[in-house]
Amino acid sequence: MDLEKTQSPVIDSASDEYDYSDEHEHEHDHDHDHDHEHEHPDPIELSRIKSYQLQQKATVGSTRAPEPREQWLPMGAGKEYPPLLPAPERYVVEFDGADDPMHPHNWSMLRRSILAAILCYATFAASFTSAVFSAAISSVSKEFHVGTEVSTLGVTLYVFGFAAGPTIWAPASELIGRRWPLSIGLLGCGIFTIACATGKDFQTIMLGRFFGGLFAASPVSLVPAVFADLFNTAQRGIVMCTFCMAVFVGPFASPFVGGFIAMSPLGWRWTMYVPSLMVFLGFILVFCFLDETYPPVILVRKAAILRRQTRNWGIHAKQDEVEVDIKELVRNNFTRPLTMLATEPILLLISLYISFIYGLIYALLGAYPVVFEDVYGMSMGVGGLAFIGLILGELLGGVFVLCLQGSYKRKLDANGGKPVPEWRLPAATVGAVAFAIGMFWFGWTGYTNKIHWMAPTASGVLTGLGIFCIFLQCFNYIVDCYPTLAASTIAANTILRSLVGCVFPLFSRQMMINMGVQWAGTLLGCIAAVMIPIPIGFMMYGPWLRKKSKLAASPVYEVGEERKGDV
């Protein structure tokens, strides 16, 4: 409805009825002519609002149709039902154009950068905690008289918690905002990590690890959403690189830190105390300094302020109309992701590829000790330093992707701000080749101590670079392919990759020992080589597949390219 033609309500104090005053209407029209641009959000803001409404509908449900009058609760005290609000949309608060200081995109860059740094640290602490238990496996086996394979469940169950966590935290963040789910997740992770450190029996430790991972899934799954709240498309590529570094550097930094702690007089229990302190620090930083970034929840606060200021209790935000539908919540966060995996070849193949790469991260936690402790005779802490090669590779991968941001931004600007998912894949192809080479290199140089230990260590540079480029760019690719179903896409990918990732630690060490480092490395390298055509194939046939899909975004061709067929 055109606001210029909408009559403004005036309450008659004598009758409590709504009177539509022509005089007030003309006054409103006069003001409207002067402030036309403030009444109507610009196209960018309208796009933001639409995106948030789609996100809400895809995670927690949406507004329902009014119930029949006979089912309404009575007002009480003999009161009649008040009249409905005229033109209800006029009582819905919005942001005041693209320059509204309350919108997170318009906060100062310093403020947003500080928040990004806090969130990246919290993610690093959560991912560090996932792998640090690998340094305590042998000590836990001896103390509780269980096999090494059983103790490895301490890593597996934590990663399994990553699979279950997003189904809780994602809808919660869409309903009540980002700050509380992040704070509760970090607090819970710290508490259950303390429970592992103080556990008197093996069952307590394993339960603590699972629930620690369940709560730690909060920063891992929600921080990208917070970055989407804080940064536009061009800026988000840079901060997402930093986020992925935090996700991957954490598991690779924990083995040598945990190794030196476990070897010290402190003992293996401090491999849990130290990460719990790191997580608690992240909780304190998030709780004290993180402002709410989810725009619909910010509008709820704005509406509350306006209600107090104007004493007009009809003012509200769209988020106030959202109702939690349990059936819809289960369908959207459990059934729909699984259905998409089964019916969308783009999502399935890319997610399988990402899952294999993600699993190798945790498989290397068992493979590296076999090479550097068993073959080269290093201690646990010194052998863990070999993971520095992987960390350097991750950092190089981040630098490489950041160097491509300028080219990506130019393409984005030339295409009217509309991203083409296939633009993400050249870097993933480079990463796929580097990853395969790194795995062959590791297997062919780490099987004998006659080859200097620097050779298998250096292979980690290519392996780490490949892991980073593949994961980040393929993850961005599937999100770009399903922009209106991003929540379900992320949930599907997270569930699959965490389920695959939690299995790899259970057999990686035994595979290295039984097959031999050379043949095991060759097998992994061959699998990686076979998967190289996946990003190349999607570069070539991705637009065609998206055209055939009912859920994927329609192909949008770069300006200057010839369109072939209907889009």
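**Exercise 1.** How are α4 and α12 oriented to each other: roughly parallel or roughly antiparallel?

*Solution.* The structure is a predicted model, in which local features need pLDDT of at least 70 and side-chain atom pairs count only at pLDDT 80 or more, while totals for chains, interfaces and linings use all residues. Residues are numbered from 1 along each chain as its sequence is written, and side-chain values use heavy atoms, with hydrogens and water left out.

Step 1: locate helix α4 at residues 109–132 and helix α12 at residues 270–289; helices are DSSP runs of H or I with at least four residues, strands are runs of E with at least two, and both are numbered from the N terminus.

Step 2: take the angle between them, about 155°, with the axes 9 Å apart; axes are lines fitted to C-alpha atoms, for helices over the stretch in contact, and angles run from 0 to 180 degrees between N-to-C directions.

Step 3: compare this with the cut-offs, where angles under 35 degrees count as roughly parallel, over 145 as roughly antiparallel, 65 to 115 as roughly perpendicular and the rest as oblique. The helices α4 and α12 are therefore roughly antiparallel to each other.

**Exercise 2.** Describe by class the residues in the contact of α4 with α12.

*Solution.* Step 1: find the residues in contact (heavy atoms within 4.5 Å), which include Leu-115, Ile-118 and Phe-128 of α4 together with Met-272, Gly-282 and Phe-289 of α12.

Step 1: sort them, counting Ala, Val, Leu, Ile, Met, Phe, Trp, Tyr, Cys and Pro as nonpolar, Asp, Glu, Lys and Arg as charged, and the others, Gly among them, as polar.

**Exercise 3.** Find how many disulfides the model has.

*Solution.* Step 1: apply the rule that a disulfide is a pair of cysteine sulfur atoms within 2.5 Å, which gives a count of zero.

Step 2: look at their surroundings, where buried means under 20% relative accessible area, exposed over 50% and partly exposed in between (1.4 Å probe, protein chains only). Cys-120 is buried at 10%, and Cys-241 is buried at 1%.

**Exercise 4.** Is Ser-173 buried or exposed?

Step 1: read its relative accessible area, 1%, by which Ser-173 is buried.

Step 2: leaving aside neighbours within four places in sequence, list its contacts, which are Arg-178, Pro-181, Leu-222 and Tyr-294.
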